[in-house]
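Q: I have a structure open and would like to learn how to read it. Could we go through it together, one feature at a time?

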Amino acid sequence: MSENRTTDEGRRQFLGGTLALGGIAVAPGVFLVNVAGAKPADQPVTDKVRWGLLVDTTRCADGCDACVRACQEENGWGGPDSNEVKSSDEQKAQWIRKVHLRNKQTGSTHSLPLMCQHCEHPPCADVCPTGASFRRADGIVLVDKHTCIGCRYCMMACPYKARSFIHEELHGQKVNAPRGKGTVESCTFCVHRVDNDREPACVEACAAEGRRALIFGDMKDPDSEISQRLKRLGVRQLRADLGLNPGVHYEGV
Amino acid sequence: MTKYDTFREVEGSKGFWTVFALFAAMVAVGLGAAWYMEHQGHWVTGMNNQIVWGTPHVFAVFLIVAASGALNVASIASVFGRVPYKPLARLSGLLAIALLVGGLAVLVLDLGRPDRLIVAMTYYNFKSIFAWNIFLYTGFMAIVGFYLWTMLDFRMRGYNKAAGMFAFIWRLVLTTGTGSIFGFLVARELYDSALMAPMFITMSFSFGLAIFLLVLLGLYHGTGRPVGDKILVRMKNLLGIFVAAVLYFVVVFHLTNLYAAEHWGAERFALLDGDIYTRLFWWVVVGLGSIVPLVLLFHPALGRRRSSIVVASILVIIGGLAQMYVVIIGGQAYPLNIFPGMEVSSSFYDGVVADYAPSLPEVLLGLGGVGIALAAVMLGVRVLRFLPDSLEDAQVDPHHSRTETGEAEAQPAG
């Protein structure tokens, strides 16, 4: 009996020590996630965060397209130096666009940026036959350019017209945003920046313009600015009736 | 009595090979068009980021839908036990596989990355109806292949009924899958409907039988084999019923939409001011492709003429292609309603009807698929015993007596 107790105590001490050591080893990672939200490069993406974007349309100016230009610059699409030289305007990619709205009944007008809404239940990923369209655990919806066969079914399924098909051979691409003829692409929430603890280019550009119409952050962190404002404001998701729970919210429309 | 021992390969006459060469040329041109589009990229097509599925999809979906319908003649024989259809069952199975191969070829060659077909075969997302369809299509070919085996090899005849039943159920599931490609797209007002599945099934009955009738008459006329009126009358009556059934689904689809105020805009586009899509719908789908064939098939005098059956079948096919154009391209042309109650504009063509004009390579690729199907049928009937020597009334109808029809129903000469 007493021998058994000694063994048990030894085991407990050993387990306790191991757990403590493990805790010390894991703590910096957990701490980092809690504070900054971004994951260390050597750890997999988790669902402990859900990245989201709040668009405050009351701060979004009609003539301003700083977010669009920043995205073009960051990801290497469109603009005056577009590398889609053969494609028609209808064929050229647009990852983010400014949309102008006018209420048919009241006549009120709004201007807002529209891009991939990074849905919790993305129809693009549902319909993709190869699984090339997918949603990361942290809510970012992406296209795996290696398994996209260019069937364009995701473009048929997306309720927001957020995706573009590459109609020609491309040169001069950005290292962080590979694009390929015959595949589909869309806003990545600047995943390469987010994974390095930076905000998407559009958000940064909007802030640089002094507007701060775009707020990016972790919607699962109750203390983040986006969570606080989502709680406080009367925001809406586009086509909320479809039940897709997009990660992008709009205020003021 | 049906005579199984009278099945014979067709002769490889000069005329036969000339027609075959024509279809082979269509295949070659279609492959050339696909190569051109693949090398250049889709900027050489009429497609864009608004209309992402263009003319190749019109042809591909039409052929795939018609493929399952072409099998109906065999199903009527084995599943529903209609003896007069038995001699036609082999051609029905062959045509079904050939049309499916033609349609799939167009679909695959229009991919942005057709070179990655192996990826589509090795990576599956089972939530995707497209992924299911890959199995439904390949399964269809395997099952109908086996079904044909039970018809061609007398030792396998014991499995014929079971194979026929299985193939029939499979083809219903297959067309449900094809219709659901559109039916499952909740965001597009002119797709999102469970009716798409049954509507596509009736379309398959109609298009498949029209193609079957033309192929049958073409082969028999071309090779100088006789066809009696009895079997043709049965099939043309059936075709008329199928055409009417498609119209029924079209009417219910639009009525349901018209009842909901949220869809008035989309319906106005489809039925009133959708320009090419509206005109195609009323003139070609409803008028030329449905009403005129119904008159030709059921008119007391016209309906008895063989030429009426031929013209009606051609019109059903033209109407069917137009219907695919209206459904597939018209459904994309109408803008997405992202902001209900708002007028919308943007640099990405939000809120406006999308532009699309078919380009030559797209049309040639589509026709290439038709060429594949028809060339395959010709090769099939040349090398294997798919066609009975004769489809005279006495051959196909167990209750036929010569006095019933008399000599007046002379068979067409080769």
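A: Gladly! Let us start with helix H13 (residues 360-383) of chain B, which has 24 residues and reaches 34 Å from its first C-alpha to its last, close to the 34 Å expected at 1.5 Å a residue. The expected span is 1.5 Å times one less than the number of residues. Helices (H or I, at least four residues) and strands (E, at least two) are DSSP runs, numbered from the N terminus. This is a predicted model, where local features need pLDDT of at least 70, side-chain atom pairs count only at pLDDT 80 or more, and totals for chains, interfaces and linings use all residues. Residues are numbered from 1 along each chain as its sequence is written, while chains are lettered from A and ligands numbered from 1 in the order in which they are written.

Q: Why is H13(B) described as largely enclosed by the rest of the structure?
A: A residue is buried if 20 or more other C-beta atoms lie within 10 Å of its own, exposed if 12 or fewer, and partly exposed in between, with C-beta atoms placed from the backbone. In H13(B), 17 of the 24 residues are buried, so the helix is largely enclosed.

Q: Is B:Leu99 buried or exposed?
A: B:Leu99 is buried, with 32 other C-beta atoms within 10 Å. This residue belongs to helix H4 (residues 89-109) of chain B.

Q: Which residues is B:Leu99 in contact with, leaving aside its neighbours within four places in sequence?
A: Two residues are in contact if their C-beta atoms, placed from the backbone, lie within 7 Å. For B:Leu99 the partners are B:Leu63, B:Ala66, B:Ala67, B:Ala70, B:Ile211 and B:Ala373.

Q: How do the axes of H9(B) and H12(B) cross?
A: Axes are lines fitted to C-alpha atoms, for helices over the stretch in contact, and angles run from 0 to 180 degrees between N-to-C directions. The axes of H9 (residues 229-259) and H12 (residues 306-333) of chain B come within 11 Å and cross at roughly 35 degrees.

Q: Which residues meet there?
A: B:Leu232, B:Lys236, B:Leu239 and B:Val243 in H9(B) meet B:Arg306, B:Ile309, B:Ala312, B:Ser313 and B:Val316 in H12(B). An α-helix has 3.6 residues a turn, so residues three or four places apart point the same way.

Q: What is the confidence for chain B?
A: pLDDT is the predictor's confidence in each residue, from 0 to 100. Chain B averages 93, and 94% of the residues score at least 70. Over residues 402-414 of chain B, however, the pLDDT is below 50.

Q: And how many helices and strands are in chain A?
A: Chain A has 7 helices and 10 strands.
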